[in-house]
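User: I would like a close look at one part of this model, the packing of a helix pair. Please set it in the context of the whole chain.

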Amino acid sequence: MKLEIISKKESEFGKAVEHLKSELATLRTGRANASLVEHLEIEYYGAKTPLIQVAQITVPEPRMIVIQPYDKNSLKDIEKAVQGSNLGINPVNDGNFIRLTIPQMTEERRKEVVKMVSQMAEKARVSVRNIREEIWKEIQRQEKAGKISEDGLRSGKDDLQKIVDKKNEEIKKIAETKEKEVMTI
């Protein structure tokens with residue numbers, strides 16, 4: 001039987017993994033992906049708004065992203081946001097939509113991206129460890145307060161470690177998949 005504290009906090013482990021996935025999706029890998037630009041902040045009628053809310057984003061070719069704003073008056077703002085981002089892509093504005101051509105990655109850039117993937121994966125593992133530590137302290141507090149037995153303490157520790165191992169393995173697989181994607185494009 002899993003301890004209540006572990007059941008309550010288990011979703012936090014999933015959030016750490018999901019955060020890693022969303023961060024990795026924003027990395028430029030040489031292949032077009034709408035997630036590269038959909039969260040760029042656009043100055044839209046005086047408010048910062050995610051690009052996905054003001055434009056349709058499509059990927060018509062493997063190395064091209066097309067952004068078609070719902071309001072043509074926002075083309076310049078979208079162009080400015082893309083130029084100001086750290087994507088290193090020059091937007092082409094034709095008056096109706098913006099085209100982004102993803103350049104081929106150099107070997108040096110691929111290695112940089114792989115290092116970034118490793119750093120992001122390590123941050124996710126640190127998050128998982130921090131969550132484990134928080135839960136473990138709570139289990140120990142409950143044991144000292146007499147709410148759980150010594151056997152409950154041991155089984156709680158084992159259950160917690162199984163979850164942590166599973167999440168770390170998931171993080172490892174996600175990072176390896178992304179590294180392989182970066183190196184083979």
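How many helices and strands does the chain have? And at what angle do the axes of helix 1 and helix 4 cross?

Analyst: This is a predicted model. The chain has 5 helices and 6 strands. Read from the N terminus, the order is α-β-β-α-β-β-α-β-β-α-α.

Now the helix pair. Two packed helices are described by the angle between their axes and the distance between the axes. Helix 1 covers residues 4–25, and helix 4 covers residues 107–144. Their axes come within 9 Å. The crossing angle is roughly 170 degrees. Angles over 145 degrees count as roughly antiparallel, and helix 1 and helix 4 are therefore roughly antiparallel to each other. What kinds of residues form this contact? They divide into 14 nonpolar, 2 polar and 6 charged.

Back to the whole chain. Take contacts with a separation of 6 or more: residues 24 or more positions apart account for 64% of them. Buried residues make up 39% of the 185 residues. The chain exposes about 11,000 Å². Carbon and sulfur atoms supply 49% of that area.

How values were computed
Residues are numbered from 1 along each chain as its sequence is written. This is a predicted model: local features need pLDDT of at least 70, side-chain atom pairs count only at pLDDT 80 or more; totals for chains, interfaces and linings use all residues. Side-chain values use heavy atoms; hydrogens and water are left out. Axes are lines fitted to C-alpha atoms, for helices over the stretch in contact, and angles run from 0 to 180 degrees between N-to-C directions. Helices (H or I, at least four residues) and strands (E, at least two) are DSSP runs, numbered from the N terminus. Angles under 35 degrees count as roughly parallel, over 145 as roughly antiparallel, 65 to 115 as roughly perpendicular and the rest as oblique. Ala, Val, Leu, Ile, Met, Phe, Trp, Tyr, Cys and Pro count as nonpolar, Asp, Glu, Lys and Arg as charged, and the others, Gly among them, as polar. Buried means under 20% relative accessible area, exposed over 50%, partly exposed in between (1.4 Å probe, protein chains only). Contact means heavy atoms within 4.5 Å. Accessible areas come from the Shrake-Rupley method with a 1.4 Å probe; for residues, only the protein chains shown count as cover.
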